[in-house]
Amino acid sequence: MTIRILVADDQHLVRAGFRMVLSAESDMEVVAEAADGASALSLAREKRPDVCLVDIRMPPPDGLEVTRRLAGGGRPGAPKVVVVTTFDLDEYVYTALSNGASGFLLKDAGPALLTEAVRAAVRGDAMVAPQITLRLLQHFTKARRRGAAEPAEPLTDREEEVIQGIARGLTNPEIAAELYIAPSTVKTHLGSVQAKLGLRNRVEVAAWAFRSGRVE
């Protein structure tokens with residue numbers, strides 16, 4: 001399957017650089033470019049990309065609002081959004097992920113991380129730049145006092161183990177190797193966890209694990 005991508009950034013050189021990196025991948029195609037939020041929303045409706053790479057600071061609406069309108073609410077068929085920005089302010093990270101983003105990268109992340117973030121979004125995973133992850137988890141730990149809703153249906157022991165792995169930042173193959181099960185089985189357990197908790201991606205699962213006190 002070819003992953004259809006929309007790039008939204010107000011800087012032409014950034015858009016050109018992303019297009020060059022992504023177009024070099026055999027499974028990716030940049031189907032549209034936008035220089036502002038309004039164009040990004042319009043082109044997303046017209047081109048129906050699988051993934052949108054969105055900058056935060058661009059002519060209105062900004063990238064955070066674009067993310068909310070495109071990915072918020074978990075609508076069927078909605079594109080995945082990966083925020084790629086120069087600014088790693090904590091409030092931007094938290095708001096982007098709360099608005100439904102499937103990833104948060106800095107523009108200096110490099111081609112490998114950029115392409116992996118796109119593929120992760122399509123898989124239903126979420127990728128956050130490594131330098132941001134620790135701060136993000138610290139934020140979730142501080143937020144623990146607000147508590148976390150318990151699942152309507154109890155989690156199995158295996159699902160709890162998968163949650164622990166996700167909260168530690170492990171990939172599905174890494175969790176599989178640790179638990180001596182198949183990666184496809186990990187994916188099945190993760191899907192069950194998300195359904196029971198009403199969560200959309202791995203980042204939300206990790207956040208829930210910290211808020212609920214399951215991870216120190």
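Contact, in this report, means that heavy atoms lie within 4.5 Å of each other. The structure described here is a predicted model.

## Nonpolar cores

Under that definition, Leu 6 touches Ala 32, Ala 40, Leu 43, Ala 44, Pro 49, Val 51, Cys 52 and Leu 53, where residues up to four places away in sequence are not counted. Leu 6 also belongs to the largest nonpolar core, a set of 29 residues. Within this core, Leu 6 and Phe 104 are the residues with the most contacts. Two or more residues of the core come from each of these elements: strand 1 (3-8), strand 2, helix 2 (37-47), strand 3 (51-54), helix 3, strand 4 (80-85), helix 4 (90-98) and strand 5 (103-106). Another core, of 21 residues, lies apart from it and includes Val 162, Leu 170, Leu 197 and Leu 199. In soluble globular proteins, nonpolar side chains tend to be buried together.

## Salt bridges

The model contains 12 salt bridges.

| Pair | Closest N to O distance |
|---|---|
| Arg 119 and Glu 25 | 2.7 Å |
| Arg 69 and Glu 65 | 2.9 Å |

Glu 33 is partly exposed, at 27% relative accessibility. Arg 15 has a relative accessible area of 11% and is therefore buried, the limit for that class being under 20%.

In the salt bridge of Arg 119 with Glu 25, the closest N and O atoms are 2.7 Å apart. Here too, distant parts of the chain are linked: Arg 119 is in helix 5 (residues 111-123), while Glu 25 is in the loop between helix 1 and strand 2, 94 residues apart. Arg 119 counts as partly exposed at 23% relative accessibility, and Glu 25 is partly exposed with a relative accessible area of 26%.

Arg 69 and Glu 65 both belong to helix 3 (residues 63-71), where four residues, about one turn of the helix, separate their positions. Arg 69 is partly exposed, its relative accessible area being 41%. Glu 65 is likewise partly exposed, at 22% relative accessibility.

Salt bridges can also join into a network, as they do among Asp 9, Asp 55 and Lys 107.

Conventions
Residues are numbered from 1 along each chain as its sequence is written. This is a predicted model: local features need pLDDT of at least 70, side-chain atom pairs count only at pLDDT 80 or more; totals for chains, interfaces and linings use all residues. Side-chain values use heavy atoms; hydrogens and water are left out. A salt bridge is a side-chain nitrogen of Lys or Arg within 4 Å of a carboxyl oxygen of Asp or Glu. Buried means under 20% relative accessible area, exposed over 50%, partly exposed in between (1.4 Å probe, protein chains only). A nonpolar core is a set of buried Ala, Val, Leu, Ile, Met, Phe, Trp, Tyr and Cys residues joined through side-chain atoms within 4.5 Å.
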